[in-house]
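Colleague: Hi, could you walk me through this one? I'd like to go piece by piece.

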Amino acid sequence: MNMSNVAIDLVGVRKSFGDKVIVNDLSFSVARGECFGLLGPNGAGKSTIARMLLGLISPDRGKITVLDEPVPSRARAARVRVGVVPQFDNLELEFTVRENLLVFGRYFGMSARKIEAVVPSLLEFARLESKADVRVSLLSGGMKRRLTLARALINDPHLLVMDEPTTGLDPHARHLIWERLRALLARGKTILLTTHFMEEAERLCDRLCVLESGCKIAEGKPDALIDEHIGCNVIEIYGGDLNQLRELITPYARHVEVSGETLFCYARYPEQVSLHLRGRADLRVLQRPPNLEDVFLRLTGREMEK
Amino acid sequence: MNDGYASVMPANAYNWTAVWRRNYLAWRKVALASLLGNLADPITNLFGLGFGLGLIVGRVEGTSYIAFLAAGMVAVSAMTSATFETLYAAFARMDVKRTWEGILFTQLTLGDIVLGELVWAASKSVLAGAAIGIVAATLGYASWTSVLCAVPTVALTGLVFASLAMVVISLAPTYDYFVFYQSLVLTPMVFLCGAVFPTSQLPDSFQHFAGWLPLAHSVDLIRPVMLERGADSTAMHVGALCVYAVLPFFASTALFRRRLLR
């Protein structure tokens, strides 16, 4: 990758608060036009990384470059071309949808005329045309999120930093956000997304980095990660004596993992496993293709908390 | 980071206006209620103390007590208006409403935000101070020109107390701590600084101490203007108020950096 094609570059970044290391020697690089995911459970350091990219906190060590600007020293210049969707909405609840966009555009030094020129397309993008003059406090959670997304686009940013963009939304609202994010990627925007939501990462991200306790434990394309770390079918088994089951099916499995009340069996030929479980009315058996959840379980020995 | 504090200072001379305009837009929606609220308290004090005590007190420093008090009330209402705007409204925007957080995602710095909030609070002081002035002028206790001449000092007073309150909110974990500042700092200042009675009534040591307090400088500037008398040491009073406005601005911005940018 030559420099101008890189939207975000982190080299050896470390951040600790007191004795607690939040981000540990992290390096990754995001190309322009790419959707890059930071995937990890709560407390993995995702939000801290997002705040460091914006220059709102300084790393203890390491080098950060965002849109060719060194951060935090020139973070302000970088932020002019960055849009942010934070984990918790911080919209102006007593303002209307349109006023929210107006006020936010002013923070970027935009003239009223320039803001008015872009507002219709933003409202259309966020599917909020009919809500332009409605007070934000009256909007649903999904609408508020879409307004936050529209607000993040007011300065026509090259890069969007999104911290858990769909956390707390119902499935319908979530799918609408995903669809909108894909539309942005089609326009050539770069997206950095943090999520603890595997499906979101799998659907949207070109590449992702799996984090645990501030450390990178894997990086790559979702499919490649799944192939590399799992590469076979998965059978989830609930119920019964898990230790007994483990003994029963281990000979037919490539790998068996127990997490909570579930036994995960990774097997090239799942039919062999199913055969041995036939007639067991006390068990619920689910066969499915592998996903990122399995990768996380495989790498850390535990399920990701939701 | 060596440039850590430099990076949170105002980025330019006009970024703060976006914050001021945000607050103005929010205020416009509740302007009527806000104006009435602004007026009610000081006017009640003016009439209650002015007419009630005025009968007993008679003349003070060669003028009627109510005219003496009106000038003090202009300074006090500038002080309380800027203080309350900062303590409650700005604190909410900084803390629970996360308004500042959203602004920090843009090209504004923490210093831009704090400056915008200070000028906004000072603007509300001007409204509050002017309201008392207008009442006093209407009733003939001050001339219209003298009220107009007091406005710059009222604005400066607003900046001073907004700036001091900024330090309080940068340190206070919750709203509950503001009461200490109100009852241990602001209320004593009203009585020590000559707002409701001449400082010459105080013991010498108190007079000496009171002379350092910001409200005393405001009262010493506003009262001579309102009563159309010659003022002493104007430059010193203005200078002292400027120090009280500027130092807490830098202190609070540095404290907010520690609180918010970590």
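Colleague: How far apart are the end C-alpha atoms of residues 178–197 of chain B?
Modeller: The end C-alpha atoms of that stretch, residues 178–197 of chain B, lie 26 Å apart, and the span is 75% helix and 0% strand. Helices here are DSSP runs of H or I with at least four residues, strands are runs of E with at least two, and both are numbered from the N terminus. This is a predicted model, where local features need pLDDT of at least 70 and side-chain atom pairs count only at pLDDT 80 or more, while totals for chains, interfaces and linings use all residues. Residues are numbered from 1 along each chain as its sequence is written, with chains lettered from A and ligands numbered from 1 in the order in which they are written.

Colleague: Which residues of chain B does the UniProt annotation "transmembrane region" cover?
Modeller: According to the unreviewed UniProt entry, "transmembrane region" covers residues 30–53, 65–91, 103–120, 126–144, 151–172, 178–197 and 238–256 of chain B. UniProt positions are in the numbering used here, feature names are shortened, and annotations may be inferred rather than shown by experiment. Residues 151–172 of chain B are 95% helix and 0% strand, with end C-alpha atoms 31 Å apart. The unreviewed entry also gives "domain: ABC transmembrane type-2" for residues 33–259 of chain B, a span that is 79% helix and 2% strand.

Colleague: And helix 3 of chain B, what span should its 27 residues have?
Modeller: Helix 3 of chain B (residues 31–57) should span 39 Å at 1.5 Å a residue, and its end C-alpha atoms are 37 Å apart, which agrees. The expected span is 1.5 Å times one less than the number of residues.

Colleague: Where does helix 3 of chain B bend?
Modeller: At Gly50(B), by about 25°. The bend is the angle between axes fitted to the seven residues ending there and the seven starting there. Just after helix 3 of chain B, Gly58(B) has a positive phi of about 75°.

Colleague: Which residues of helix 3 of chain B are buried?
Modeller: Asn38(B), Pro42(B), Leu46(B) and Gly50(B). A residue is buried if 20 or more other C-beta atoms lie within 10 Å of its own, exposed if 12 or fewer, and partly exposed in between, with C-beta atoms placed from the backbone. An α-helix has 3.6 residues a turn, so residues three or four places apart point the same way. The cover over the buried residues of helix 3 of chain B includes helix 4 (65–94) and helix 6 (110–138) of chain B.

Colleague: New topic. How many residues of chain B are in contact with chain A?
Modeller: 24 residues of chain B are in contact with 22 residues of chain A; a contact is a pair whose C-beta atoms, placed from the backbone, lie within 7 Å. On the side of chain B that touches chain A, helix 1 (4–8), helix 2 (16–28) and helix 5 (99–104) of chain B each supply at least two residues. The residues of that side of chain B divide into 10 nonpolar, seven polar and seven charged. Ala, Val, Leu, Ile, Met, Phe, Trp, Tyr, Cys and Pro count as nonpolar, Asp, Glu, Lys and Arg as charged, and the others, Gly among them, as polar.

Colleague: How many helices and strands are there in chain A?
Modeller: Chain A has 11 helices and 14 strands. Buried residues make up 42% of its 306 residues, and its C-alpha trace spans about 70 × 45 × 35 Å along its principal axes. For residues 8–238 of chain A, the unreviewed UniProt entry lists "domain: ABC transporter".

Colleague: How many residues of strand 14 of chain A are buried?
Modeller: The count is zero among the five residues of strand 14 (residues 284–288) of chain A. Strand 14 of chain A pairs with strand 11 (residues 233–238) of chain A in the antiparallel sense over five bridges; strands pair if DSSP finds at least two bridges between them. Leu286(A) is the bridge partner of Glu236(A).

Colleague: Last one: which peptide bond is cis, with omega near 10°?
Modeller: The one from Val71(A) to Pro72(A). Pro72(A) is in the loop between strand 5 (69–71) and helix 2 (75–79) of chain A. Most residues other than glycine have a negative phi, and most peptide bonds are trans. Arg127(A), not a glycine, has a positive phi of about 55°, and Glu164(A) has a positive phi near 50°. Arg127(A) is partly exposed because 15 other C-beta atoms lie within 10 Å, whereas Glu164(A) counts as buried with 20 C-beta neighbours inside 10 Å.

Key
Contact = placed C-beta atoms within 7 Å.
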